[in-house]
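User: I would like to go through the labels used for this model and set each one against its cut-off.

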Amino acid sequence: MYKEKFESEVDTLKLFFEVHCADKHKGRNNFVTKLTFEKQPYEVNLKLCNACRELIEYSFNRLIHCPYDNKPRCRTCANPCYEKEKWKKLASLMRYSGIKLKLVRIKNFFKI
């Protein structure tokens with residue numbers, strides 16, 4: 001996986017998790033997660049509850065250790081690395097946030 005793809009995936013995860021957690025959970029806290037990808041350090045500022053924090057850190061770990069140079073979408077991967085229960089939680093979160101983000105974009109479009 002290339003640096004740009006990694007950064008894009010991290011940004012996408014951050015956005016989806018923060019949208020979901022803001023709508024569904026209480027007790028969110030600000031924190032910084034430190035990642036290392038190809039010997040390059042990254043800091044990701046997040047505002048999530050503890051459950052979402054654990055899941056996003058697990059997701060970041062899966063992303064960092066993805067064995068593919070041309071990373072596929074996780075849902076179409078021939079060799080999935082997520083534990084089944086965590087995958088179900090992530091899929092639900094992504095589905096919710098994806099729908100929510102598309103609706104927000106449509107609302108903003110019509111406000112112009």
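User: What makes Leu-13, Phe-17, Tyr-82 and Leu-90 contacts of Ser-59?
Analyst: Contact means heavy atoms within 4.5 Å. Leaving aside neighbours within four places in sequence, Ser-59 is in contact with Leu-13, Phe-17, Tyr-82 and Leu-90. The model is predicted, with local features needing pLDDT of at least 70 and side-chain atom pairs counting only at pLDDT 80 or more, while totals for chains, interfaces and linings use all residues. Residues are numbered from 1 along each chain as its sequence is written, and side-chain values use heavy atoms, with hydrogens and water left out.

User: Why is Ser-59 called buried?
Analyst: The relative accessible area of Ser-59 is 1%. Buried means under 20%, exposed over 50% and partly exposed in between, with a 1.4 Å probe and protein chains only, so Ser-59 is buried. Ser-59 is found in helix H2, residues 50-64; helices here are DSSP runs of H or I with at least four residues, strands are runs of E with at least two, and both are numbered from the N terminus.

User: What makes Lys-34 and Glu-43 a salt bridge?
Analyst: A salt bridge needs a side-chain nitrogen of Lys or Arg within 4 Å of a carboxyl oxygen of Asp or Glu. For Lys-34 and Glu-43 the N to O value is 4.0 Å, so the pair counts as a salt bridge under that cut-off. Side chains of opposite charge can pair when their charged atoms come close.

User: Are Lys-34 and Glu-43 buried or exposed?
Analyst: Lys-34 has a relative accessible area of 65% and is therefore exposed. Glu-43, at 56%, is exposed as well.

User: How many salt bridges does the structure hold?
Analyst: The structure holds five. Among them is Arg-53 with Glu-57, at 3.3 Å from N to O. Another is Glu-85 with Lys-88, where the closest N and O atoms are 3.9 Å apart.

User: What separates Arg-53 from Glu-57 along helix H2, and Glu-85 from Lys-88 along helix H3?
Analyst: Arg-53 and Glu-57 are four residues apart, so about one helical turn lies between them. Glu-85 and Lys-88 are three residues apart, also about one helical turn.

User: Why is Arg-53 called partly exposed?
Analyst: Arg-53 has 31% relative accessibility, so it counts as partly exposed. Glu-57 also stands at 31% and gets that label. Lys-88, with a relative accessible area of 48%, is partly exposed too.

User: How do you know which residues line the largest pocket?
Analyst: On a 1 Å grid over the protein atoms alone, a pocket is an open set of points with protein on both sides within 12 Å along at least five of seven lines, whereas a cavity is a set where a 1.4 Å probe fits but cannot get out; lining residues have an atom within 4 Å of a point. The largest pocket has 27 lining residues, with Lys-71, Arg-73, Cys-74, Arg-75 and Met-94 nearest its centre. H1 gives the largest share, six residues.

User: What is the volume of the second largest pocket, and which residues line that pocket?
Analyst: The volume is about 180 Å³, against about 820 Å³ for the largest pocket. A volume is the space filled by probe spheres set on the grid points, which are joined across faces, edges and corners. The lining of the second largest pocket includes His-20, His-25 and Lys-86, and its largest share, four residues, comes from H2.
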